[in-house]
Amino acid sequence: MGKLILVGSVPLDTTKEVFEKFGQPLAPHLDMLPDGEVGPRRYWVSGVHYRVFALHPDLDIVRRPRRDNGVERLVPHDQGDTWQFRVRNGVKEIVFGDPGWRLGFALDALNSYALLSAMKREGKLPQHLRLQVSLPAVNSVCAPANFPVASDLAIVRPGFTAAMKAELATMTAKIPHRDLAIQFDLARETIEASGGVPGITTEASIKASTTQIHALAPSIPEEVQLGYHFCFGTIGGWPRFAPRDLGPTVELANAVVGASKRRVDWIHIPVLPDAQEDFFKPLKDLKAGGARVYLGMVHSMQSYAERMRAARKFLPDFGVGGYCGFGRESPAEMDRVLQEHLQAVVRS
C-alpha cells in the first residue's frame, strides 16, 4: 500500500478544493483519498449531535454549547461544553428514520464519489485512488460525556448502530466496491483503553469497542477496503490525552482487527511529538493481520527523523500520516501541512 495516509478532515470549504489541494500533489503516494469531511462533518461527532440527535423526537437536549456573544454555537468550545442528551421517559428503543440516509454519511459519500469519478475521467486524479469514507465509531458518537444518564447508552447505541449499518449498505450498494474504502475513527475508544477516562478499565473498554466493530465490519463487502484510525482526541487541543506509551492502543488495535471478522487493510496509530523509544516499544506486539500500519508521524518535523528511527526498531515497515485529521486547524495552516507530507515522503 501507499506511503501516505490522510486521516480525514481538511478545513477547506469544498471537496473539490480538498481533492485539488491534497489529492493532486499527494496522489502518487496515496491509495485512497478522503473528501475532507467538509461542512458539518468537519466537527466530527458534534456534527452528528446537532444534525441528528438534536432533532430526534425521543431525545431531550440537556446541554448545548455556550453561545458566542449571544449567538448560537453548534460545536463545543472544549470538552466541558459538549452537547448532552437524555432519552425521554418511557422510551425503550431509539429508531432513526429514513434508514440509509438519516445520518448524512452516505449522501456525502455519493456526492464525493461523483466528483472523484469526474476528476479521474478528466485526468486530474489517477485511476487507482479509492474514495476514503471516514466514519466515527458508535461509542465515540454515543459517549457518556453526551449522555449523562448511564442507562441511556444501552438504548441509544443499538439504534445508532442500526442507522450506521444502513448508511454502509447505501454506500456499498451505490459506489463500486473497487473504488471504496471505509475507515472507522476510534477516539473515545482509544482514550478509554489508554486510561484517559476514570473508572473505566482497559478490559471493559476494549470489550465495548469490539462489540460495536463486530456489529458493523463483517457487513462490509470484501472488495471494499477497511481501516481504523486510533485517536488521542483533538477537542481542546491535541492531544486531548497523551498516553505513556502505545501499549493500550496496540492491545485495542489487536482486538479490533480480530473483531472485524474480515480482512483489515490498514490501521493508523498517532504518535506524540516528544515520543521516545519506550513509547514505540509495544509495537513489537502489534498483530495487524496483514494490514498496512500507518504511524501519525507527520508533524513536529524537527524531531521526525528521530521518531522514525525509534519506531523502526520495533516496526520496520510502515507508512505515515498526520496524527489526526486537520479539521480543527486553521485553513491558513494547510500549505504547511501539505509541505510536511511531501517532506515525509522524501524522508521516509
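**A salt-bridge tour**

The structure holds 22 salt bridges (a salt bridge being a side-chain nitrogen of Lys or Arg within 4 Å of a carboxyl oxygen of Asp or Glu). Keep in mind that this is a predicted model, where local features need pLDDT of at least 70, side-chain atom pairs count only at pLDDT 80 or more, and totals for chains, interfaces and linings use all residues. Residues are numbered from 1 along each chain as its sequence is written, and side-chain values use heavy atoms, with hydrogens and water left out.

Start by selecting D265 and R263: their side chains form a salt bridge, 2.6 Å from N to O. D265 is buried at 10% relative accessible area, while R263 is partly exposed at 35% (buried is under 20%, exposed over 50%, partly exposed in between, with a 1.4 Å probe and protein chains only).

Next, pick K313 and E277, whose closest N and O atoms sit 2.6 Å apart in a salt bridge. K313 is in the loop between helix 10 (304-312) and strand 10 (319-321), and E277 is in helix 9 (residues 277-280), so the pair ties together parts 36 residues apart in sequence. Helices (H or I, at least four residues) and strands (E, at least two) are DSSP runs, numbered from the N terminus. K313 is exposed at 55%; E277 is partly exposed at 35%.

Last stop: E333 and R336, a salt bridge with its closest N and O atoms 2.7 Å apart. E333 is partly exposed, at 32%, and R336 is partly exposed, at 35%.
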